[in-house]
Amino acid sequence: MRPFVRNSILECFKFTMENIHKKSELARKGETLAARHLEAQGLRIWKRNWRFKHKEIDIIAENDRFLVIAEVKTRSGDYDVLPREMVPPRKQRFLIAAAQAFIMSHGIRKECRFDVVIVYLSANSQRIEHIPDAFQPGL
């Protein structure tokens, strides 16, 4: 392989890894802000980034009435995507399955609610959009 081609591939890989790191940093910041927002709404945070097999729940919280499963979406720019489109049906099914596993393993008897929290971040501002009961499991 010629040095130029190899160096180009290495630079591309380095650029990709830097982007992945920045994205995960952004996601962590968004999840922290979302958790604070949910606490300000009177919810108690139980778990963050709870995993069951290959499924993950960003935030598990509760109040006196509900167990709340929150999916957090963090954005660093303007997007023309409707909030309901941010969690497509396949992701909803994963979240529902993970929530069922959590409920079974912890013996929870509360009604479960699926929320979406969208965190918009820019260099000088932040905005949080909370959609309670964003979707419901099918019957």
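This is a predicted model: local features need pLDDT of at least 70, side-chain atom pairs count only at pLDDT 80 or more; totals for chains, interfaces and linings use all residues.
**Entry 1: Glu62 and Arg44**

I started with a pair of charged side chains: Glu62 and Arg44 meet in a salt bridge, 3.9 Å from N to O. For the term I use a side-chain nitrogen of Lys or Arg within 4 Å of a carboxyl oxygen of Asp or Glu. The pair links distant parts of the chain, with Glu62 in strand S2 and Arg44 in strand S1 (residues 44–52), 18 residues apart. Helices (H or I, at least four residues) and strands (E, at least two) are DSSP runs, numbered from the N terminus.

Residues are numbered from 1 along each chain as its sequence is written, and side-chain values use heavy atoms, with hydrogens and water left out.

Then I checked accessibility, taking buried as under 20% relative accessible area, exposed as over 50% and partly exposed as in between (1.4 Å probe, protein chains only). Glu62 comes out at 13%, so I count Glu62 as buried. Arg44 is partly exposed at 40%.

**Entry 2: other salt bridges**

How many salt bridges does the structure hold? I get 8. One of them joins Arg51 to Glu56, with the closest N and O atoms 3.0 Å apart. Arg51 is exposed, at 54% relative accessible area.

Next I looked at Lys91 and Glu71, whose side chains meet in a salt bridge at 3.8 Å, N to O. Lys91 lies in helix H2 and Glu71 in strand S3, so this pair ties together parts 20 residues apart in sequence. Lys91 is partly exposed at 26%, whereas Glu71 is buried at 4%. I also found a network: salt bridges that share partners join Arg44, Glu62, Asp64 and Lys110.

Is S3 mostly covered or mostly open? Mostly covered, as 9 of its 10 residues are buried. For pairing I go by DSSP finding at least two bridges between two strands. S2 and S3 run antiparallel and are joined by 4 bridges, and a hairpin connects S2 to S3 through 3 residues. Ala61 stands opposite Val68 in S3. S3 and S4 pair in the parallel sense over 10 bridges, and there I noted Glu71 opposite Val116 in S4.

**Entry 3: the cores**

I looked up nonpolar cores, meaning sets of buried Ala, Val, Leu, Ile, Met, Phe, Trp, Tyr and Cys residues joined through side-chain atoms within 4.5 Å. The largest one has 20 residues, and those with the most contacts inside it are Ile57, Ile60, Leu67 and Ile69. S2 (55–62), S3 (66–75), H2 (89–106) and S4 (111–121) each supply at least two residues of this core. H2 gives the largest share, 7 residues.

I picked Ile60 and listed its contacts (heavy atoms within 4.5 Å). Not counting residues up to four places away in sequence, Ile60 touches Arg44, Ile45, Trp46, Lys47, Trp50, Leu67, Val68, Ile69 and Phe102. A second, separate core of 14 residues includes Ala35, Leu43, Ala61 and Phe66.

**Entry 4: His37**

What does His37 contact, leaving aside its neighbours within four places in sequence? Ile128 and His130. The C-alpha atoms of His37 and His130 are separated by 8.6 Å, with the two residues 93 apart along the chain.
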